[in-house]
Amino acid sequence: EHRLEDVLYREVDRIVLVNAGRIVADMKPDEMMAADILGKYGIREPLYVTALKYAGVKLTEAHRAGRLATLDIPAVQDAVLKWDSETLAKPEKEERQTILAAEHLDFQYTKKRRILQDVNFEIREGEMVSIVGTNGAGKSTLAKVICGFVKEDGGRLLYGGEDMKGQTIRERSRIISYVMQNPNQMICKPMIYDEVALGLRLNGVAEEEIEKRVEQALKICGLTPFRKWPVSALSYGQKKRVTIASMLVMNPKILILDEPTAGLDPKQIAEIRELIVHLGKKHTVMLSTHILSEVQAVCRHIIVISAGKIAADGNTDSIAAQLSGERGVIVRIEGPRGEVVTALRNLAGAGQVKCRQTEEKNVYEYTVLQEGDQDLPRSIFAICASHSWPLLACRSAEGTLEEMFIRLTDTSRRM
């Protein structure tokens with residue numbers, strides 16, 4: 001298993017970490033969470049461990065972080081509450097300008113079947129956006145229309161409010177870069193440096209400037225040690241990095257990545273995910289994918305395409321609200337039922353609270369419906385920490401992203 005949170009809610013005695021056919025660690029869960037070695041081998045640590053690190057907690061085995069149920073809440077609650085208050089006190093960033101918009105976009109390869117139908121969306125500068133859909137839904141076709149590889153049959157695309165109609169592929173490539181799913185279909189030079197420099201050379205950039213920009217792109221993508229290597233000596237994941245570097249060197253405003261983690265092992269997936277998050281700090285990034293776990297890891301804005309139409313557009317919370325008509329969270333808390341219910345009902349933004357007994361002694365599952373825009377999970381974590389109540393689980397009441405995706409695409413097919 002490489003998703004630790006799927007098993008650590010049980011009383012696990014030991015965690016055996018295997019890499020390249022060898023056992024690299026054999027520890028108790030509490031010891032493993034404090035060792036900070038999971039990420040080195042491509043295993044994502046439990047999110048509550050990550051949250052504790054964000055709060056400045058230096059985990060030790062004494063914190064008993066192997067399970068959320070055993071975590072020493074009193075030892076970490078001051079740091080968590082301080083982090084919570086500081087995060088909430090941060091002023092909101094200025095609303096970003098729309099960088100790319102589609103208005104009533106249509107496209108068809110043949111007259112018999114429209115691939116894209118009345119597509120409308122807005123993407124803001126610096127956003128991390130996922131274009132999600134089943135195979136054949138129209139994701140790749142939409143990317144091709146944005147890049148100008150094919151021309152729309154109706155509607156229009158706007159970049160910074162200006163209609164892009166009439167722009168050539170070369171003109172669009174100065175602001176939009178596209179990284180294909182298979183790096184072997186993009187790479188055409190035998191040496192890494194020459195591959196990354198190719199686009200600049202074709203545009204007549206001076207060699208002095210090329211060297212500077214190539215070195216920067218290689219550094220960002222973690223390829224500096226391989227700058228003089230042949231491409232043939234690289235792994236599949238490293239080749240993906242080369243294709244990303246060859247696009248980054250062009251300084252695009254928008255970077256489109258088609259299935260960026262397809263064909264990668266868990267360690268390579270973690271590395272590419274980290275790179276994508278880094279790219280999102282300076283670029284508008286669009287991911288075309290059907291791997292929903294990757295969507296949740298890096299993106300807040302999701303556009304779901306089904307049968308060539310936009311089935312949903314927004315963040316996971318707003319999409320869930322569209323489907324269910326109500327928002328909320330489901331939590332499992334160990335503590336006195338009456339006191340917990342009262343505390344949950346008194347939270348800002350909390351509405352109706354439902355409670356049911358679980359199989360574990362003194363552990364109840366609470367459904368807390370949301371009536372405002374407050375961050376309920378954060379508030380619930382804080383209230384549990386302040387009362388030393390173990391918070392054993394927390395998830396959206398509207399279901400998982402996978403469940404939402406299935407409902408959206410099934411609805412579209414019935415339309």
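Predicted model: local features only at pLDDT ≥ 70, side-chain atom pairs only at ≥ 80, totals over all residues.

So, Trp229: it comes out as partly exposed, at 36% relative accessibility. By that I mean between the two cut-offs, where buried is under 20% relative accessible area and exposed is over 50%, with a 1.4 Å probe and protein chains only.

Residues are numbered from 1 along each chain as its sequence is written, and side-chain values use heavy atoms, with hydrogens and water left out.

Back to the rings. There are five aromatic pairs in the structure. To pair, rings of Phe, Tyr and Trp (its six-membered ring) need centres within 6.5 Å; planes under 30 degrees apart are stacked, over 60 edge-to-face, and the rest tilted. One of the pairs is Phe107 with Tyr109: the centres are 4.7 Å apart and the planes at 90°, so that's edge-to-face. Phe226 and Trp229 also have centres 4.7 Å apart, with planes at 75°, so they're edge-to-face too. Phe107 is buried at 5%, and Tyr109 is partly exposed at 45%.

Now, which residue lies over the face of Trp83? That's Arg378, at 5.5 Å from the ring centre. The rule there is NZ of Lys or CZ of Arg within 6 Å of the centre and within 35 degrees of the ring normal. Arg378 also forms a salt bridge with Asp375, with the closest N and O atoms 3.3 Å apart. A salt bridge here means a side-chain nitrogen of Lys or Arg within 4 Å of a carboxyl oxygen of Asp or Glu. Both ends are partly exposed, Arg378 at 23% and Asp375 at 36%.

Staying with salt bridges: the whole structure has 13 of them. Arg227 and Glu215 meet at 2.4 Å, N to O. Arg227 is in the loop between H7 and H8 and Glu215 is in helix H7, so the pair ties together parts twelve residues apart in sequence. Another one joins Arg114 and Asp106, at 3.5 Å, N to O. Arg114 is partly exposed at 41%, whereas Asp106 is buried at 18%.

About those labels: helices (H or I, at least four residues) and strands (E, at least two) are DSSP runs, numbered from the N terminus.

Next, helix H6, residues 192-202. Eight of its eleven residues are buried, so the rest of the structure largely encloses it. Among the buried ones are Tyr193, Glu195 and Leu198. The cover over them includes helix H7 (207-220) and helix H8 (236-248); contact here means heavy atoms within 4.5 Å. After H6 comes Gly204, with a positive phi near 75°.

On to the sheet. Two strands pair if DSSP finds at least two bridges between them.

How much of strand E15 is buried? Eight of its eight residues, 363-370, are. Both faces are covered: Val363, Glu365, Thr367 and Leu369 are buried on one side, and Tyr364, Tyr366, Val368 and Gln370 on the other. E15 pairs with E13 (327-334) over eight bridges; Ile330 is opposite Thr367 and Glu334 is opposite Val363. With E14 (350-357) there are six bridges, and Cys355 has Tyr366 as its partner. E14 and E15 make a hairpin with five residues between them, and Asn362 in that turn has a positive phi of about 65°.

Finally, the helices on this sheet.
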